[in-house]
Amino acid sequence: MCAGNRSMWFWLAIIALLCWSGSDLFSKIGCRDGRDKYNPLKMVIAVGVVMGIHAAYEIFVGGAVVTWHVMWTYLPVSLLYIGSMTLGYVGLRYIELSISSPICNSSGALVAVLCLITGTLDESITGAMRWMVIGAVALVCIGTIGLGFTEANEDEELRRARQDASNHHYVKSWIAILIPVIYCLIDGLGSFADSRVLETLDEDSANVAYELTFLVVGLVSLFYVTVVKKQRLVAKQEAPKYTGAIFETIGQFFYIYALADTEHVAFAAPIISSYCVASVVWGRIFLKEKLSKKHYLCIFTVVIGIVIMGILDI
């Protein structure tokens with residue numbers, strides 16, 4: 001095998017990381033204006049449309065087979081994922097991307113806990129590795145709780161001063177941390193259910209079923225926003241949302257193929273799962289988000305836990 005092929009997994013993982021962190025950035029840009037309360041639903045519309053197009057490609061070009069049985073069997077998982085993403089879009093109005101992304105990306109910790117409780121953790125993870133799982137979960141929990149504590153107790157004048165650069169001020173509120181945490185819980189339940197359901201379904205068919213379900217939810221949201229609430233969709237305002245949706249879908253494509261290289265999955269998984277680090281960087285560069293040292297310490301703790309779980313492929 002040539003050197004180029006041997007390193008292909010690395011570039012696939014890097015592209016997935018960049019795409020998913022890019023999706024975070026553009027979703028934040030598209031949803032952060034609190035004056036339009038329908039922005040989260042408009043983001044759902046964008047993701048539904050893009051995923052619907054990709055599903056059509058997979059069916060008519062890629063040859064994916066999706067039956068009603070697959071749709072109904074995978075529906076609970078699809079709804080958990082879609083519900084968590086919708087809630088995540090709502091939360092982007094209340095808190096910096098640099099804080100919300102690491103919390104939302106901590107759902108792997110919940111999956112690990114559920115696997116430990118139900119006895120479904122990979123049998124190859126024993127002894128010291130099992131303690132590594134517990135340690136990683138503890139790091140994520142400590143970091144997430146630390147972020148919440150830091151947010152709740154930060155001096156209001158210091159908060160306003162560090163947010164001046166971004167020209168976007170966030171009011172201190174319990175909902176700011178609660179929404180990403182609930183997202184994490186729902187997404188974690190979705191991931192756990194996903195692992196169980198995929199024991200009986202083809203992965204490609206299940207993914208297309210998920211995208212078609214998202215399309216239906218997007219169309220329902222479109223009807224509600226434009227017909228019921230009579231809101232206009234302005235191309236300039238919607239462009240970041242569709243850009244984020246495209247990055248999300250492309251990232252999913254490269255994620256699947258990066259992990260398909262089973263010989264290097266232990267290296268690819270932690271690279272991809274640390275995409276929230278890139279989201280923090282993009283937030284600092286493009287959104288001018290500036291956090292306190294305590295914020296960054298908590299985020300670093302969460303990221304270390306996430307990377308460990310990625311190495312263990314949880």
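Predicted model: local features only at pLDDT ≥ 70, side-chain atom pairs only at ≥ 80, totals over all residues.
Two helices count as roughly antiparallel when the angle between their N-to-C directions is over 145 degrees.

The protein chain contains 14 helices and 0 strands. Of its 314 residues, 49% count as buried. Among contacts between residues at least 6 apart in sequence, 87% join residues at least 24 apart.

The pair H5 and H13 packs at an angle of about 170°, and the two axes are 8 Å apart. The helices H5 and H13 are therefore roughly antiparallel to each other. On the H5 side, the contact involves Leu 97, Ser 98, Ser 101 and Pro 102. These residues meet Tyr 275, Cys 276, Ser 279, Val 280, Gly 283 and Arg 284 of H13. By class, the contact of H5 with H13 consists of 5 nonpolar residues, 4 polar residues and 1 charged residue.

Ser 98 belongs to helix H5, which covers residues 97-104. Because its relative accessibility is 1%, Ser 98 counts as buried, the limit being under 20%. Ser 98 and Val 280 are 182 residues apart along the chain, yet their C-alpha atoms are separated by 4.3 Å. When residues up to four places away in sequence are not counted, Ser 98 touches Val 280, Gly 283, Arg 284, Glu 289, Leu 291 and Ile 299.

Helix H13 runs over residues 275-286 and has 12 residues. At 1.5 Å a residue, H13 should span 16 Å, and its end C-alpha atoms are 16 Å apart, so the two values agree. The buried residues in H13 are Tyr 275, Cys 276, Ala 278, Ser 279, Val 280 and Gly 283. Helix H13 is followed by Lys 288, which lies in the loop between H13 and helix H14 (293-311). Lys 288 is not a glycine, although its phi is positive, at about 60°. With a relative accessibility of 43%, Lys 288 counts as partly exposed, because this value falls between the limits of 20% and 50%.

A positive phi also occurs at Lys 230, a residue other than glycine, where the value is near 55°. Lys 230 is placed in the loop between helix H10 (203-228) and helix H11 (235-260). Its relative accessibility is 66%, so Lys 230 counts as exposed, the limit being over 50%.

The other helix pair is formed by H4 (residues 68-91) and H9 (residues 174-197), which pack at an angle of about 160° with their axes 9 Å apart. That angle makes H4 roughly antiparallel to H9, because it is over 145 degrees. The crossing of H4 and H9 is left-handed. Residues of H4 in this contact include Thr 73, Tyr 74, Val 77, Leu 80, Tyr 81, Ser 84 and Met 85. Among the H9 residues that take part are Ile 179, Ile 182, Tyr 183, Ile 186, Asp 187 and Leu 189. By class, the contact of H4 with H9 has 14 nonpolar, 6 polar and 2 charged residues.

Note on methods: Residues numbered from 1 in each chain as written. Heavy atoms only, no water. Helix = DSSP H or I, 4+ residues; strand = E, 2+ residues; numbered from the N terminus. Expected span 1.5 Å × (residues − 1). Buried < 20%, exposed > 50% of the residue type's maximum accessible area, 1.4 Å probe, protein only. Axes fitted to C-alpha atoms, helices over the stretch in contact; angles between N-to-C directions. Parallel < 35°, antiparallel > 145°, perpendicular 65-115°, else oblique. Left-handed = near helix turned anticlockwise from the far one by under 90°. Contact = heavy atoms within 4.5 Å. Nonpolar A, V, L, I, M, F, W, Y, C, P; charged D, E, K, R; others polar.
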